[in-house]
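Here is a short note to read alongside the model. Please keep the structure open as you go through the points.

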Amino acid sequence: KFKIGLVYNNGKALKTKNVTTIIVAGETEVLKSKSNKFKIPQAYGIGFAFEKNYFRGGIDFEMKRWKDIDFTNSFLRTRNSNRYSFGFEFPSLGITKGTGKMVLYRFGAEYCGSYLIIDDIPINYRAISFGAGIPSKGRLSVINFSLELGSNGTKKEGLFKENFCTFHIDLSLKDLWFMKRKYD
């Protein structure tokens, strides 16, 4: 089985208003009021997924057209932001496929060239994740565990870099709404 997906976002214009006030003895005075207009850029994306038996995999690309957006800060430039990601899932070995004892292992990675360029230094995001889906008894279908390791930013020229490790737990619930009854 093969699947393909396309994404398009036309962008959006945003209007903001900043108001600076001071309150003294219960009286409010407006010191400064400023309106701004911002744009969220167009975005394009394409994804491709495949499935064979219990193996699944996919790749994804997305581009946001930030280069056409101009900020008033002279130290800040923008560029088109490209995001690349992929992932795959495969079953545990040696266990009968399709049974409640089959564990699904997962691995994924993502890279995003951020739209920000600060003082001629690009800010980028990288992450890898791996996890497992463990079947459970009763109504619960699968308990999913994953660990994500990544970094965002850079330490060049005194900028900040965030390194992170995130642990996720979630449940995929089995639903019986659309099952046809055998007995009344």
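1. Start with the rings. Phe2, Phe48, Phe50, Phe55, Phe86, Phe88, Phe90, Tyr105 and Phe107 are joined into a cluster by ring pairs. Rings of Phe, Tyr and Trp (its six-membered ring) pair if their centres lie within 6.5 Å; planes under 30 degrees apart are stacked, over 60 edge-to-face, and the rest tilted.

2. Know the ground rules. The model is predicted: local features need pLDDT of at least 70, side-chain atom pairs count only at pLDDT 80 or more, and totals for chains, interfaces and linings use all residues. Residues are numbered from 1 along each chain as its sequence is written, and side-chain values use heavy atoms, without hydrogens and water.

3. The whole structure holds 13 aromatic pairs. Take Phe86 and Phe107: their ring centres are 6.1 Å apart and the planes meet at 55°, so this pair is tilted. Phe86 sits in strand E7 (residues 81-91) and Phe107 in strand E8 (residues 104-118), so the pair ties together parts 21 residues apart in sequence. Strands (E, at least two residues) are DSSP runs, numbered from the N terminus.

4. Phe107 also pairs with Phe88. That pair is tilted, at 5.7 Å centre to centre and 45° between the planes. Phe88 lies in E7 and Phe107 in E8, so parts 19 residues apart in sequence are tied together.

5. Phe107 is partly exposed at 29%, and Phe88 is partly exposed at 29%. Buried means under 20%, exposed over 50%, partly exposed in between (1.4 Å probe, protein chains only).

6. Now look at strand E1 (residues 2-9). Of its eight residues, zero are buried, so E1 lies largely in the open. E1 pairs with strand E4 (residues 43-52) in the antiparallel sense over eight bridges; strands pair if DSSP finds at least two bridges between them. Gly5 has Gly47 in E4 as its bridge partner.

Methods: Helices (H or I, at least four residues) and strands (E, at least two) are DSSP runs, numbered from the N terminus.
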